[in-house]
Amino acid sequence: MHEAEVTARANANVALVKYWGKRDARLNLPATGSLSLTLDELGVEASVAFGVTDADVFEVDGEPARGETARRLADFVDLVRADMAPRPPVRVRTRAFMPLGAGLASSAAVFAALALATTRAAGRRLDPPALSALARRGSGSAARSIFGGFVEWHLGRRPDGTDSIAEPLAGSGDWDLRMVVAIVSTAPKAVSSRDGMRHAATSPFYPAWVAGADADLAEARTAIAARDLDALGRVSEHSALKMHAVGLGARPPLLYWQGATVDCVQRVWRLRAEGVPAYVTIDAGPQVKVLCEATSSAAVAAALAEVGGVQRVLTCGPGEGARIVT
Ligand code: PMV
């Protein structure tokens, strides 16, 4: 039996040791492990109901989903619906609680919320590791948004991906850091992370990127256990800058940065020289995300707001994992 409609909420996460490259594109199995911080503020609610409409309905922020977005939502629901006979029509509605058009990727939060809402609506209760493996199929980084706080997504060894799941390392209340986000552009990204990752293999730096991941993960894990911001920040910057160096070496080159991205990085490095522990990370877009203590987040946000080309600055804290709302 399935329930009427289930709504689940999940938050975005920002990787401190990045996921950039797959060993299996269909199953979204990564080439390396990765490690992230789930954020508060940047959330998504997904509502799923089976059998309440005559045909499938996919709605994103009140508008019918189109093209690639609709296809990804349908493919994801089919992973759960494959076991249901007769195959019921589904209604999926997602709503983002984040500044729209802020150039921040919501797919991790969308697929983590959907993994929980879809399985519950289908009358199934999956444990968090199984939800993580399911969310991964929608978007790799969604595997991590099932959990709050600091999270590691394991590479896994099995070909079916059942062990490529995330695991919490420290809860959202365990270490009061901040992620200050400088929004440099709100334009839709030119190259999706999916395409960027596929293209990474053309870079001579890609094998070195893959080879270095285990050491970066070990360093990050140790830093989190010791609550050592400087150690965590140093390895986070190293991982992010290596990921972007892979793109610079690709053919043709791939560069997600804009001028203001570089200006933000240099501003943060100056802040650090002045004694403020703050470290940058950058994903598949031009925004700069800065990891710092709660007590220095106002100073970091003020410094970034003054950088030319920065449109807006958001400050996020550690957030919770995916949960049922209704
Ligand atoms: O999960 P995807 O396909 O949106 O890829 C995420 C890629 C990065 O955000 C750049 C890195 C990461 O680990 O989240």
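Predicted model: local features only at pLDDT ≥ 70, side-chain atom pairs only at ≥ 80, totals over all residues.
Residues are numbered from 1 along each chain as its sequence is written, and side-chain values use heavy atoms, leaving out hydrogens and water.

**The whole protein**

Begin with a cartoon view of the protein, which has 9 helices and 14 strands. Both are DSSP runs numbered from the N terminus: helices are H or I with at least four residues, and strands are E with at least two. Of the 326 residues, 55% count as buried, that is, under 20% relative accessible area with a 1.4 Å probe, protein chains only.

Next, select strand 11 (278–281), strand 12 (288–293), strand 10 (177–183) and strand 13 (312–316). They form an open sheet in the order 11-12-10-13, with antiparallel pairing; two strands pair if DSSP finds at least two bridges between them. Strands 11 and 13 stand at the edges with a single partner strand each, so one side of each has no neighbour in the sheet. Between strand 10 and strand 12 there are 6 bridges. To locate one of them, select Ala182, whose bridge partner in strand 12 is Val288.

Contact means heavy atoms within 4.5 Å. Helix 9 (residues 297–305) lies across strands 10, 11, 12 and 13.

**Local backbone features**

Most residues other than glycine have a negative phi, and most peptide bonds are trans.

- Ala85 and Pro86 are joined by a cis peptide bond, with omega about -5°. Pro86 is in the loop between helix 1 (67–81) and strand 7 (90–97).
- Arg251 and Pro252 are also joined by a cis peptide bond, with omega about -5°. Pro252 is in the loop between helix 7 (229–248) and helix 8.
- Asp61 has a positive phi near 50°. Its place is the loop between strand 5 (57–60) and strand 6 (63–64).
- Arg227 has a positive phi of about 50°. Its loop runs between helix 6 (206–225) and helix 7.

Methods: Axes fitted to C-alpha atoms, helices over the stretch in contact; angles between N-to-C directions. Buried < 20%, exposed > 50% of the residue type's maximum accessible area, 1.4 Å probe, protein only.
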